[in-house]
Amino acid sequence: MEVPKVFKPYIAPEQNVAEFTVKSIVFGCLFGIIFGCSTTYLALKAGLTVSASIPIAVIAITLGRKFLKTTILENNIIQTTGSAGESIAAGVVFTLPGFLFLSPGANGESYFNYLTILILAAFGGMLGTLMMIPLRRSLIVKEHGTLPYPEGTACASVLQAGEKGGVFAQTAFMGMGIALLYAILQKVLHVIAEVPAYVTKQTNKFWPSATINGEITPEYLGVGYIIGPKISGVLVAGSVLAWWAMIPLMATLVSPDLIAMQLVKVGYLADVNTAGGPGNWDPATHTFANSAAAIYRAYIRQIGAGAVAAGGFITLMKTIPTIISSFRESIGSLKEKNEGGVLRTERDFSFKVVIVGSLILVAIIALLPNQIIPGDNIFQKIFIGILIIIFGFFFVTVASRIVGLVGSSNSPISGMTIATLMGTCLIFTSVGWSGYFFEPLALVVGGMICIAAANAGGTSQDLKTGFIVGATPKYQQLALFIGAIVSSIAIGWVVQILDTPTADMAAQGIKHAIGSERYSAPQATLMATLAKGILSFNLDWQFVMVGVFIAVMIELCGIKALAFAIGLYLPLSTTLPIFIGGAIKGIVDWRAKKKNEVIVEDDLGRGSLFATGLIAGGALAGVIVAVLSVNDNVFNSLKNISAEHGLTSVLGDGGYHLLAVLFFAAMALMLYRQAIKKTEI
């Protein structure tokens with residue numbers, strides 16, 4: 001892909017346009033609270049999150065035109081401030097409820113209080129933004145043509161389309177409308193199956209427990225088109241290895257009883273005599289209804305976590321020269337007395353802010369009382385503060401590169417958190433800190449890094465959007481700090497409310513709704529299990545090392561290991577529809593080349609705009625359904641209007657899934673037809 005030597009943003013650096021205003025910050029904070037709360041609920045309920053930047057940008061444009069009279073840069077500040085809420089909520093929910101699941105003697109429950117959640121959320125969010133300040137020039141600017149940052153690029157396209165109007169807005173909003181209609185049919189009415197699947201039988205002699213499935217959503221199709229065929233191809237290759245090679249092999253070699261015991265060990269199953277869990281274990285018959293799902297949770301996720309950690313480390317080593325040059329430029333800002341000679345679009349916070357901010361975070365962690373941050377003495381707390389800064393730099397860099405490749409929605413934050421927890425616990429054991437007392441300390445480090453990495457991913461997308469539209473980086477960074485603090489205040493409150501047991505639960509002796517069937521919090525359960533397993537010397541390192549050497553092997557083959565590792569960690573249901581979107585982009589480019597047409601790489605090409613609309617519509621629908629699902633009466637009403645039962649009784653399961661595939665194919669065809677139309681300017 002050819003990249004212009006000098007990139008020209010939508011708003012030129014010389015232009016002075018209203019940007020960091022009171023109304024943009026206020027509405028950004030409001031959206032941050034709304035989307036942060038809905039993400040908290042969704043992540044606790046199902047372990048899933050939805051991207052907020054694009055929906056906020058769409059709402060900002062709509063409100064801006066009719067009521068607020070905002071500029072494109074003000075709309076960008078609104079989405080930048082608001083998106084921090086969704087990122088931080090994901091990081092909080094994926095780790096901090098783990099305090100409830102630690103060993104009985106670890107006193108973990110006492111740290112699951114509002115003040116601890118608020119401090120870890122706010123500090124983690126600010127750390128993610130702090131670490132991205134010196135990395136912006138290397139990752140966002142210098143690698144503009146290498147790292148697509150799909151949601152950031154899509155968000156910029158939405159903002160520009162809203163400004164330009166005409167065919168630009170029409171194409172983007174057409175994609176959004178189709179995505180919303182599709183999502184209503186899929187998520188509300190259930191006319192379209194969410195994950196059509198075909199799984200071969202365990203008794204199949206040639207290919208047992210092999211899975212072909214796809215979460216056929218508009219947003220995945222759009223993300224695939226934006227990241228293109230090469231990255232999406234490497235991504236799906238990792239899933240192909242896991243789901244079409246490793247899982248069928250393990251289904252043949254490993255007995256169901258051993259798989260069930262492994263699920264118990266990693267915390268997905270209470271004990272081998274209890275039915276349920278991934279793959280639906282039946283203790284009476286000693287079989288799984290879906291062996292592939294059970295093997296994925298028991299073994300593949302650990303292998304994938306090892307691969308992601310190794311792929312991230314390899315990527316970091318390869319990009320050290322770029323990062324060093326970026327830091328050199330940032331350190332140069334220490335000597336700058338004024339910003340008169342610096343272009344508006346290149347004004348970051350000084351590197352002093354990063355150094356002083358990091359030191360202040362470590363100092364506050366060290367000085368906070370034991371009731372808020374675990375630790376026997378100030379030296380223990382300083383030590384975990386230093387670990388947070390070291391791991392923070394590493395995983396913020398890795399997280400930014402990952403979301404640059406595959407988007408925030410597909411970033412394996414839990415994989416990076418697993419790697420952080422493993423590293424922290426290994427360091428603890430090497431200095432003699434083993435046993436249940438140190439479990440909360442390890443979770444503090446893992447929790448803050450998870451929040452920092454999640455927010456760094458969102459920050460990267462926001463800075464990419466700003467780079468394209470011509471925003472001032474310093475104002476975006478300040479907006480992200482404000483958004484992190486305001487959102488954390490609301491998120492901590494929502495987590496506490498959702499953890500309150502109902503009257504029925506209290507009657508059964510249940511003290512916490514989180515961890516029950518109502519809010520299962522799957523990632524947090526896994527994090528607590530890992531911390532307990534490593535600190536008690538009871539973790540299966542062999543699976544992690546398999547992942548490490550798979551990543552090394554892929555890198556030696558000349559393929560980017562990180563993208564492959566992400567595919568290995570993520571389910572095939574995620575990567576397959578993304579690959580289909582990438583394949584459409586590849587076909588469109590091949591057709592244009594064959595006809596000697598100009599291959600459209602511009603973010604405002606029809607295909608990219610339509611894909612942007614698909615991402616926006618799908619994300620908006622996900623948030624709307626999440627908000628509606630908070631109310632039990634509405635949730636039950638949505639169940640009553642589901643067409644799934646009626647369609648499966650008429651068409652059968654196979655026919656119902658085939659109908660969904662036809663709907664997805666029709667949407668993919670619409671994307672292709674829009675992409676091959678000539679862009680009118």
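Helices here are DSSP runs of H or I with at least four residues, strands are runs of E with at least two, and both are numbered from the N terminus. With that in hand, take H286, which sits in the loop between β3 (281-282) and β4 (287-288). Before going further, note that this is a predicted model, where local features need pLDDT of at least 70 and side-chain atom pairs count only at pLDDT 80 or more, while totals for chains, interfaces and linings use all residues. Residues are numbered from 1 along each chain as its sequence is written, and side-chain values use heavy atoms, with hydrogens and water left out.

Back to H286: its phi is positive, about 55°, although H286 is not a glycine. Is H286 buried or partly exposed? Buried means under 20% relative accessible area, exposed means over 50%, and partly exposed is in between, using a 1.4 Å probe and protein chains only. At a relative accessible area of 40%, H286 is partly exposed. S209 also has a positive phi, near 55°, and is likewise a residue other than glycine. You'll find S209 in the loop between β1 (197-199) and β2 (211-213), but S209 is buried, with a relative accessible area of 3%.

Now zoom out. The protein has 23 helices and four strands, and 59% of its 681 residues count as buried. Contact, from here on, means heavy atoms within 4.5 Å. Among the contacts with a separation of 6 or more, 81% are between residues 24 or more positions apart.

T211 is in strand β2 and is buried, with a relative accessible area of 3%. Setting aside neighbours within four places in sequence, T211 is in contact with Y198, V199, W243, W244, A292 and L572.

Next, the helix packing. Axes are lines fitted to C-alpha atoms, for helices over the stretch in contact, and angles run from 0 to 180 degrees between N-to-C directions. Start with α4 (residues 114-141) and α14 (residues 439-469). Their axes are 7 Å apart and the packing angle is about 45°, which makes α4 oblique to α14. The crossing of α4 and α14 is right-handed; that is the label if the near helix is turned clockwise from the far one by less than a right angle, and left-handed is the anticlockwise case. On the α4 side, the residues include L120, G124, G128 and M132, and they meet a set in α14 that includes M448, A452, N455 and T459. By class, that contact has 15 nonpolar, seven polar and two charged residues. Here Ala, Val, Leu, Ile, Met, Phe, Trp, Tyr, Cys and Pro count as nonpolar, Asp, Glu, Lys and Arg as charged, and the others, Gly among them, as polar.

Helix α19 (residues 561-569) has two partners worth a look. With α7 (residues 218-253), the axes come within 6 Å and cross at roughly 40°, so α7 and α19 are oblique to each other. The crossing is right-handed, and the contact is made by V234, L235, A237, G238, S239, L241, A242 and M246 of α7 and A563, F564, I566, G567 and L568 of α19. Those residues divide into 10 nonpolar, three polar and no charged. With α18 (residues 541-556), α19 packs at about 140°, the axes being 9 Å apart, and that makes α18 oblique to α19. This crossing is right-handed as well.

What about the nonpolar core? The term covers a set of buried Ala, Val, Leu, Ile, Met, Phe, Trp, Tyr and Cys residues joined through side-chain atoms within 4.5 Å. The largest one has 188 residues, and those touching the most other members are V92, F99, I259, I300, F428 and I514. Helix α14 supplies the largest share of this core, 17 residues. Apart from it lies another core of five residues, among them F31, F35, A60 and I78.

One last stop is N76, in helix α3 (residues 72-95). N76 counts as buried, at 0% relative accessibility. Beyond neighbours within four places in sequence, N76 is in contact with L159, D462, T465, G466, V469, A471 and Q476.

Methods: Parallel < 35°, antiparallel > 145°, perpendicular 65-115°, else oblique.
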